[in-house]
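Here is a short report for a first look. Please keep the sequence and the 3D view at hand while reading.

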Amino acid sequence: MQGVYNMYPNCPKCNQDFEMEPGFYWGAMYVGYGLYCFYMLGTIAVLIFGFGLTVNQSFGTALAIGVIMVPVIARLARVQWINIAVRYNKRIADKIAAQDEAS
Ligand SMILES: [Zn+2]
């Protein structure tokens, strides 16, 4: 599993299919856009009001950190996107927990 954008085709624990249909994660781009906006606005606000930087300084700093944050936010967006489509199943989670305790 090389690269920050690569994913397992199935969950190693519960065998959930992570590639349910071609292009499934296109929608995660919209979630990622929202997350990135929250990140930028929050970081700029903290840098301006917390550290006393100017608007240009704080925008440049937030962008520089934001380049590092892109893969993190992309993965968070995929997690949120798949959680819209796949429901949490307590029965399967309990079964996996019991298997983990046994081994
Ligand atoms: Zn799983």
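## Contacts along the chain

Among contacts in the protein between residues at least 6 apart in sequence, what percentage join residues at least 24 apart? The share is 60%. Bear in mind that this is a predicted model.

## Overall build

The protein has 3 helices and 0 strands. Followed along the sequence, the pattern reads α-α-α.

Now the dimensions. The radius of gyration is 18 Å, whereas a compact globule of 103 residues would have one near 13 Å. Along the principal axes, the C-alpha atoms fill a box of roughly 55 × 35 × 25 Å.

## Surface and interior

Of the 103 residues, 19% are buried. The accessible surface of the protein is about 7,900 Å². Carbon and sulfur atoms account for 66% of that surface.

## The zinc ion

Which residues are the protein donors of the zinc ion? They are Cys11 and Cys14, each through its SG atom. These donors lie 2.1 to 2.3 Å from the zinc ion.

Is each cysteine buried or partly exposed? Cysteine 11 has a relative accessible area of 17%, so it counts as buried, the limit being under 20%. Cysteine 14 has 36% and is partly exposed.

## A salt bridge across the sequence

How many salt bridges does the structure hold? There are 2. One of them pairs lysine 13 with aspartate 100. The closest N and O atoms of this pair are 3.0 Å apart.

Lysine 13 is exposed because its relative accessible area is 52%, and exposed means over 50%. Aspartate 100 is at 39%, so it counts as partly exposed.

Aspartate 94 has 41% relative accessibility and counts as partly exposed. Lysine 90 has 51%, so it counts as exposed.

Key: Residues are numbered from 1 along each chain as its sequence is written. This is a predicted model: local features need pLDDT of at least 70, side-chain atom pairs count only at pLDDT 80 or more; totals for chains, interfaces and linings use all residues. Side-chain values use heavy atoms; hydrogens and water are left out. A salt bridge is a side-chain nitrogen of Lys or Arg within 4 Å of a carboxyl oxygen of Asp or Glu. Buried means under 20% relative accessible area, exposed over 50%, partly exposed in between (1.4 Å probe, protein chains only). Donors are N, O and S atoms within 2.8 Å of the metal (3.2 Å for Na, K and Ca); water is not among the atoms, so sites may look incomplete. Helices (H or I, at least four residues) and strands (E, at least two) are DSSP runs, numbered from the N terminus. The radius of gyration is taken over C-alpha atoms; the globule rule is 2.2 Å times the number of residues to the power 0.38. Contact means heavy atoms within 4.5 Å. Accessible areas come from the Shrake-Rupley method with a 1.4 Å probe; for residues, only the protein chains shown count as cover.
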